[in-house]
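Trainee: I have just opened this one and would like a walk through it. Could we start with whatever term I need first?
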Amino acid sequence: MSAYSVLERLSIQLPAVTPPVGAFVPWVQTGNLIFVSGHIAKRDGRPWVGRVGDDVTVADAAAAARSVAIDILGTLHAATGDLTRIRRLVKLLILVNSSPTFTEPHLVANGASELFTTVLGNEAGAHARSAIGVAQLPFGSCVEVELIAEV
Amino acid sequence: MSAYSVLERLSIQLPAVTPPVGAFVPWVQTGNLIFVSGHIAKRDGRPWVGRVGDDVTVADAAAAARSVAIDILGTLHAATGDLTRIRRLVKLLILVNSSPTFTEPHLVANGASELFTTVLGNEAGAHARSAIGVAQLPFGSCVEVELIAEV
Amino acid sequence: MSAYSVLERLSIQLPAVTPPVGAFVPWVQTGNLIFVSGHIAKRDGRPWVGRVGDDVTVADAAAAARSVAIDILGTLHAATGDLTRIRRLVKLLILVNSSPTFTEPHLVANGASELFTTVLGNEAGAHARSAIGVAQLPFGSCVEVELIAEV
């Protein structure tokens, strides 16, 4: 099943690329690698604010990470013209806005990782990754994800 | 206008590469990609210390990020022999030493992003990036930037 | 002296690759670059827990970083079939679980950097890197390292 069929089955609509707030671009392609800028979690078009361990649950943060993955697929669609051109994901960096005592950023990260493998399949969607808890993120958002993909 | 002309117009002198404190090197080239080590902000040759949200203002941190960008251009000059060999910047990771309540690392990051696009131009200087707030940085510096460039 | 001879001389046994906890893979190769997932520090097969500046000393954290480097060599051995296929390391990201006042993540990072250069030699082992202090890491581990290597 193609990525677009899966998205349709899941009732996921890819968003248009959000213009970055700042002096940078949403992605850069060099050779056959696409480096995607950090995308922050949003809800209803606004930053999905909060710190996991304080005022955001793991389940909500995982849902936020899943929503970032959808936004990144939107960016990859714009970057490639066609998601089927993605040969495989390479690496994710998942940043979780964490209280100093929250030790499960990997569970939050799974929200993004699982969406990618569901949509792109187990081969193209498989990726290396690091998940870490950070002190803060742009606009106070609870999750940020950056990604490298191979076309 | 070439990168060197812009630097001259801005009265910016590129520093020599600072030898790393530790068992690593300032940059590695693999294929046509140059991976530049994290550079911390310095002032008067010493670490530019502080935490944004505590004892460093956003404006000062953005100035610190700009100064890191200048130091990285010095490293890229050493790596390439000639900045005009840089085909484009690829990605920046901007790390801001943040209090848990400071939610504008992107404004700090703009200090670096804008210097790069000013010096290298809108095409070669455009880059993907992620900006994040971290708990601490080497020597207590307020900003650290790492970068990937394509030659 | 080959990497394997050095490992034998140091009485280091490479571990088998630990299956990731989550929807990702331990490494991805794209072209001649291998992107290795973040590896957390372990002791006696369990997460090496703690925060530097609170309940973990710099010396212990550097030992933890060294142990992560060994685990990553195990992963690189699995990825390459033979460590001598590694042309060089490219970049390390060393994440240190830090109290807000711990300003020496670079000393912790040296534990990993030095093991790599010892085992792979000064040429193949030399690498760019960034060392940062983060709010938390998976399972509360004190150090996490991710790496890019060229084959």
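Predicted model: local features only at pLDDT ≥ 70, side-chain atom pairs only at ≥ 80, totals over all residues.

Trainee: Is Ser11(B) buried or exposed, then?
Mentor: Ser11(B) has 6 C-beta neighbours inside 10 Å, so it counts as exposed.

Trainee: What is phi of Ser11(B) near?
Mentor: For Ser11(B) phi is near 55°, which is a positive value in a residue other than glycine. As background, most residues other than glycine have a negative phi.

Trainee: And which loop holds Asp44(A)?
Mentor: Asp44(A) belongs to the loop between strand 3 (42-43) and strand 4 (46-47) of chain A. Although Asp44(A) is not a glycine, its phi is positive, at about 55°. Asp44(A) is exposed, because 5 other C-beta atoms are found within 10 Å.

Trainee: Let me step back to the whole chain. How many helices and strands does chain A have?
Mentor: Chain A contains 3 helices and 7 strands, and reading along the sequence gives the order α-β-β-β-β-α-β-α-β-β. Its C-alpha trace spans about 40 × 35 × 30 Å along the principal axes.

Trainee: What radius of gyration would a compact globule with 151 residues have?
Mentor: It would be near 15 Å, and chain A has 14 Å, which agrees with a compact globule. Of the 151 residues in chain A, 58% count as buried. If you take the contacts in chain A with a separation of 6 or more, residues 24 or more positions apart account for 81% of them.

Trainee: Changing topic to the helices, at what angle do helix 2 and helix 3 of chain A pack?
Mentor: Helix 2 (residues 58-80) of chain A packs against helix 3 of chain A at an angle of about 40°, and their axes are 7 Å apart. That angle is why helix 2 of chain A is described as oblique to helix 3 of chain A. The crossing of these two helices of chain A is right-handed.

Trainee: Which residues make that contact in chain A?
Mentor: From helix 2 of chain A they include Val58(A), Ala61(A), Arg66(A) and Leu73(A), and from helix 3 of chain A they include Leu107(A), Asn110(A), Leu115(A) and Phe116(A). Taken by class, the residues of this contact divide into 16 nonpolar, 2 polar and 1 charged.

Trainee: At roughly what angle do the axes of helix 2 and helix 3 cross in chain B?
Mentor: In chain B the axes of helix 2 (residues 58-80) and helix 3 (residues 105-124) come within 7 Å and cross at roughly 40°. Helix 2 of chain B is therefore oblique to helix 3 of chain B, and their crossing is right-handed.

Trainee: Now the chain contacts. How many residues does the contact take from chain A and from chain B?
Mentor: It takes 22 residues from chain A and 26 residues from chain B. On the side of chain A that touches chain B, strand 1 (27-30), strand 2 (33-40) and strand 7 (143-150) of chain A each supply at least two residues. Strand 2 of chain A gives the largest share, 4 residues. By class, that side of chain A has 14 nonpolar, 6 polar and 2 charged residues.

Trainee: And how many residues of chain A are in contact with chain C?
Mentor: There, 26 residues of chain A are in contact with 22 residues of chain C. Two or more residues come from each of strand 5 (88-97), helix 3 (105-124) and strand 6 (128-134) of chain A. The side of chain A that touches chain C has 12 nonpolar, 9 polar and 5 charged residues.

Trainee: Which residues is Ala128(A) in contact with, leaving aside its neighbours within four places in sequence?
Mentor: Ala128(A), which is found in strand 6 of chain A, is in contact with residues including Val90(A), Lys91(A), Phe24(C), Trp27(C) and Phe35(C). Ala128(A) counts as buried because it has 27 C-beta neighbours inside 10 Å.

How values were computed:
Residues numbered from 1 in each chain as written. Chains lettered and ligands numbered in written order. Axes fitted to C-alpha atoms, helices over the stretch in contact; angles between N-to-C directions. Parallel < 35°, antiparallel > 145°, perpendicular 65-115°, else oblique. Left-handed = near helix turned anticlockwise from the far one by under 90°. Rg over C-alpha atoms; globule rule 2.2 N^0.38 Å. Buried ≥ 20, exposed ≤ 12 C-beta atoms within 10 Å, placed from the backbone. Contact = placed C-beta atoms within 7 Å. Nonpolar A, V, L, I, M, F, W, Y, C, P; charged D, E, K, R; others polar.
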